[in-house]
Amino acid sequence: MAKHQVKFSCKVQLWAVMFTVLIAMSNSYLLKDSNSDRFEARDSAEQDWSYRGGEMEDEWTMVQKSGNQFVVNGQPFYVNGFNTYWLMVFAADESTRGKVTEVFKQASSVGMTVCRTWAFNDGQWRALQKTPGVYDEDVFKALDFVVSEAKKYKVRLILSFANNWEAYGGKKQYVKWGKDAGLNLTSDDDFFSHPTLKGYFKSHIKAVLNRVNTVNNITYKDDPTIFAWELMNEPRCESDPSGDKLQNWIQEMAVFVKSIDPKHLVEIGLEGFYGPSTPNRAQFNPNTYATQVGTDFIRNHMALGVDFASAHIYPDSWISQSITDAHVEFTKTWMQSHIEDAESYLGMPIIFAEFGVCTKDPGFNATYRDTILSTVYKSILNSTKKGGGGAGALVWQLFPEGTEYMDDGYAIVLSKSASTSDIISLHSKRLRAFNSLCSWKCHWGCKKKQVLGTFLGHDEL
């Protein structure tokens, strides 16, 4: 194509996207009715917005990494997403399966593009893996449904293989299986080092990666709906504060995943605490205990096979339960330090894979939760406009109506949280505009992001 044609095409795309964003934003603020009517109206308007232009009109392809950015179809892919961990369990029961569809539909309506959820339930009620290597086919079919349903709403999935904590089995269940088999195990952290337990875990990874979806007939390891694999939710190995045991496990498991599935991205699932390898960064940890849990943010993410970094943000759990302004300041410095390290030391993107505020915290109010969301989103946008490594954030957690009995205090029901829903939707629009305008297909430089940053006025978030 001639050079002047390319330039003309890019200009047309620029004004088309700007016009779309303006229309969508104006529609968002015209919705003034009751909560239910308001949400229904947004559902229609935002779905229309979220499917326009860019990657959604292209082939559904794998998310890849280019330097410190995610890329889809030649465009940057900055993420606004959410956690809903229980999707597989709900999909296993016909009476609750519809809630899976609802959460994807509602998330899509406010422009969310990635969901993090569990691909495990070990030895518990409605278990996926009943005993090592033995699976409940009905529950696996439920996970098939989750994956296929996510694609319908253009939501990609981060699927986690195991839990550090006891919920849904966790490493404790693997140790129990080992003891039942006659192994001499003394700690739940033997999960990270005992050959038999590592073998159990590798078998589970292999079963998930090679699973052929019974709904769409696509093997999981070939499905672009899956954004990434997560080794474990919040791994800790407190029996070895040096971090060596966990580091060896991360290296072994990341390479194992890649040996079966080289196409998908892999992340660890860390909370983001700095460890012994970087004592100068320990000042950013929320407390001194964080350096003693066997994790090491920078060292861990240097392991071969790990594609991007992860960190969580819970000042109300790590610093103090009572709401204070210090939580907001911690959130800013925690995010900034990790984005800097992801860019400078690791050369990879980072996703803040969990953040939220608990309604049970003393002093909680919806305004404060909105402040935390806005703080997180502004930090991401400050990185985005520079083409930086702050690649996205996933709120913990999104619930549809009628599932509040599962709430751990962090649930957000969009139809009942008007201001929060507006903040999420506006952030999605801004990221979407950046993603579309900085398309390498049209040879856009990052200076275009500065133009758009001024156009959208994100400092007002």
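## Strand 9 and its two partners

In this predicted model, Leu159 stands opposite Trp229 in strand 9, a pairing that belongs to the contact between strand 8 (residues 156-160) and strand 9, where four bridges join two strands that run parallel. Trp229 also stands opposite Val266 in strand 10, and here strand 9 and strand 10 (residues 265-267) pair over three bridges, again in the parallel sense.

How many of the residues of strand 9 are buried? Strand 9, which covers residues 226-230, is mostly covered, with five of its five residues buried. Strands of a sheet pair through backbone hydrogen bonds, in either a parallel or an antiparallel way.

An open sheet with antiparallel pairing has three strands in the order 1-2-3. Strand 1 (64-66) and strand 3 (75-76) stand at the edges of this sheet, and each has a single partner strand, so one side of each is left without a neighbour in the sheet.

Strand 2 (residues 69-72) is joined to strand 3 by two bridges, and the two run antiparallel; within this part of the sheet, Val71 stands opposite Pro76 in strand 3.

## The largest pocket

The largest pocket holds about 480 Å³ of space. It is lined by 23 residues, of which Trp165, Asn233, Glu234, Tyr314 and Glu354 are the closest to its centre. By residue class, the lining of the largest pocket divides into 14 nonpolar, four polar and five charged residues.

## Cavities

Rolling a probe the size of a water molecule over the atoms shows where empty space is left. The structure holds three cavities of 30 Å³ or more, and the second largest cavity has about 60 Å³ of space.

## Met253 in helix 8

Met253 is found in helix 8, which spans residues 244-260. Is Met253 buried or exposed? Met253 has a relative accessible area of 0%, and because the cut-off for buried is under 20%, Met253 counts as buried.

Leaving aside its neighbours within four places in sequence, Met253 is in contact with Lys198, Phe201, Lys202, Ile205 and Leu231. Met253 and Gly305 are 52 residues apart in sequence, while their C-alpha to C-alpha separation in space is 8.7 Å.

## Confidence along the chain

The average pLDDT of the chain is 87, and 82% of the residues score at least 70. Over residues 1-57, however, the pLDDT is below 50, although this stretch has 83 contacts in the model beyond near neighbours in sequence. The pLDDT is likewise below 50 over residues 440-449, a stretch with 28 contacts in the model beyond near neighbours in sequence.

Definitions and conventions: Residues are numbered from 1 along each chain as its sequence is written. This is a predicted model: local features need pLDDT of at least 70, side-chain atom pairs count only at pLDDT 80 or more; totals for chains, interfaces and linings use all residues. Side-chain values use heavy atoms; hydrogens and water are left out. On a 1 Å grid over the protein atoms alone, a cavity is a set of points where a 1.4 Å probe fits but cannot get out, and a pocket is an open set with protein on both sides within 12 Å along at least five of seven lines; lining residues have an atom within 4 Å of a point. Grid points are joined across faces, edges and corners, and a volume is the space filled by probe spheres set on the points. Ala, Val, Leu, Ile, Met, Phe, Trp, Tyr, Cys and Pro count as nonpolar, Asp, Glu, Lys and Arg as charged, and the others, Gly among them, as polar. pLDDT is the predictor's confidence in each residue, from 0 to 100. Contact means heavy atoms within 4.5 Å. Buried means under 20% relative accessible area, exposed over 50%, partly exposed in between (1.4 Å probe, protein chains only). Two strands pair if DSSP finds at least two bridges between them.
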